[in-house]
Amino acid sequence: MTYSDASTPQGEALLDAVGAAFARLRRRTMQAPVDPPVGRKDLKRNLVLNLVDEATEAGREITVGGLADLLMVDSSVASRMASDCITHGYLVRTASQQDGRRTVLRLTEDGVTLLGHFRRQQRQAFEHVTRDWPTAERVEFARLLLKYADATARLPAPGDEGGPSAP
């Protein structure tokens, strides 16, 4: 049976199931055995470091307020998350090169190292979850997942009425 046609009942059911699948992904993927195990703080740090890294890669600066917008949390929550990363040496606050009145976040060398560690853990989890899949399916799923993630860049940023987001 093929589900390539969304207009069929099977295709509709498959597309309807995507939302619940997304809800399970993070929670259940965290149960995958990785070395060392992922802690609660790791999740928050991973989110923050990835957003700072994405902004840097795109040539943009990111403030704590920008972090709050992207995470869709209050600025006090984003500030605590950023402060945790700063306290542990993963981020620094620096003056903006575009507007000296603003303070922006930058990854430190330790932050880059920790981000690499998180990405290796995520690969371990992916490989564990897909360990029984044929190699071609594993690689195809990885390709499609990256394509999906890249397509999210066209979504409006939180608070925008339209246009591409600024991670």
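Modeller: A salt bridge here is a side-chain nitrogen of Lys or Arg within 4 Å of a carboxyl oxygen of Asp or Glu.

Colleague: Where do Glu61 and Arg106 lie?

Modeller: Glu61 is in the loop between helix 3 and helix 4 and Arg106 is in strand 2, so the pair ties together parts that are 45 residues apart in sequence. Helices (H or I, at least four residues) and strands (E, at least two) are DSSP runs, numbered from the N terminus.

Colleague: Is Glu61 buried or exposed?

Modeller: Glu61 is buried, with a relative accessible area of 17%. Buried means under 20% relative accessible area, exposed over 50%, and partly exposed in between (1.4 Å probe, protein chains only). Arg106 counts as partly exposed because its relative accessibility is 28%.

Colleague: Which salt bridge do Arg102 and Glu61 make?

Modeller: Their side chains meet at 3.2 Å, N to O. Arg102 sits in the loop between strand 1 and strand 2, 41 residues from Glu61. Arg102 is partly exposed, at 33%.

Colleague: How many salt bridges does the structure hold?

Modeller: The structure holds 8. One of the others joins Arg123 to Glu127, the closest N and O atoms being 2.6 Å apart. Both residues lie in helix 6, 4 residues apart, about one turn of the helix. An α-helix has 3.6 residues a turn, so residues three or four places apart point the same way. There is also a network of salt bridges linking Lys41, Arg45 and Asp84.

Colleague: New topic. Which residues touch the most other members in the largest nonpolar core?

Modeller: Val48, Leu49, Val52, Ile62, Leu67, Leu91 and Leu105 do, in a core of 21 residues. Helix 3 gives the largest share, 5 residues. A nonpolar core is a set of buried Ala, Val, Leu, Ile, Met, Phe, Trp, Tyr and Cys residues joined through side-chain atoms within 4.5 Å.

Colleague: What is Leu67 in contact with?

Modeller: Leaving aside neighbours within four places in sequence, Leu67 is in contact with Val48, Leu51, Ile62, Ala78, Ala82 and Leu105. Contact means heavy atoms within 4.5 Å.

Colleague: And helix 3, what do its buried residues pack against?

Modeller: They pack against helix 4, helix 5, strand 1 (91-95), strand 2 and helix 6. Among the buried residues of helix 3 are Asp42, Arg45 and Asn46.

Colleague: What does the side chain of Asn46 make a polar contact with?

Modeller: With the side chain of Asn50, at 2.5 Å. A polar contact is a pair of N or O atoms within 3.5 Å; within protein, one must be able to donate a hydrogen and the other to accept it, and residues adjacent in sequence count only if both atoms are side-chain atoms. Asn46 also touches Leu115, Phe118 and Gln122, not counting residues up to four places away in sequence.

Colleague: What pLDDT does the chain average?

Modeller: The average is 88, and 91% of the residues score at least 70. pLDDT is the predictor's confidence in each residue, from 0 to 100. Over residues 163-167 pLDDT stays under 50. Where pLDDT is low, the predicted coordinates should not be read in detail.

Colleague: What are the ground rules?

Modeller: Residues are numbered from 1 along each chain as its sequence is written, and side-chain values use heavy atoms, with hydrogens and water left out. Local features need pLDDT of at least 70 and side-chain atom pairs count only at pLDDT 80 or more, while totals for chains, interfaces and linings use all residues.
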